[in-house]
Amino acid sequence: MSAETDGSFFHPGADMHPVQFKKLNDSEIFIKWDDGSEFTLSMKYLRDRCPCASCAGESVLWREYKPTTLPVLTPGKYNLKSAEIVGNYAIALTWVDGHNTGIYAFDHLKKICAEYGKAAAAIEDSQKK
Ligand SMILES: [Zn+2]
């Protein structure tokens with residue numbers, strides 16, 4: 001067993017863990033981290049950032065490839081069904097439409113939280129129009 005294989009599962013920032021992950025209502029989830037930070041996140045925002053190969057594209061083989069996004073709304077697409085901790089580094093989300101291949105590494109999830117915090121004001125503005 002080499003040091004390289006030992007270390008390969010550690011993501012930078014994965015020393016941070018969610019201590020709470022719950023549905024607030026039909027469109028939002030609440031995440032609390034062990035550093036004490038708290039985020040209310042839109043499920044739509046989270047689903048749109050699903051890191052699985054079919055949503056995010058196969059970044060290893062097709063560096064620039066992104067699947068064509070069609071304006072089709074699958075019923076339940078933005079409704080979270082369940083969440084499960086994977087190992088000690090990620091959370092696997094299952095959506096009401098049956099999609100369950102999105103595994104959100106904690107560092108990725110934390111990044112989404114931070115981005116959403118910044119984007120929230122802009123989203124609110126656009127929804128008022
Ligand atoms: Zn996905």
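Guide: Glu-84 is exposed, because 12 other C-beta atoms lie within 10 Å of its own; on this scale 12 or fewer counts as exposed, 20 or more as buried and anything in between as partly exposed, with C-beta atoms placed from the backbone. This is a predicted model, in which local features need pLDDT of at least 70, side-chain atom pairs count only at pLDDT 80 or more, and totals for chains, interfaces and linings use all residues. Residues are numbered from 1 along each chain as its sequence is written.

Glu-84 belongs to strand E4, residues 80–86; strands (E, at least two residues) and helices (H or I, at least four) are DSSP runs numbered from the N terminus. Setting aside neighbours within four places in sequence, Glu-84 has contacts with Ile-91 and Ala-92, a contact meaning C-beta atoms, placed from the backbone, within 7 Å. Further off in sequence, Phe-21 is 63 residues away along the chain, and its C-alpha atom is 9.6 Å from that of Glu-84.

Now to the partner strand.

Stepping back, the chain holds 4 helices and 6 strands, in the order α-β-β-β-α-α-β-β-β-α. Of its 129 residues, 12% count as buried.

Definitions and conventions:
Two residues are in contact if their C-beta atoms, placed from the backbone, lie within 7 Å.
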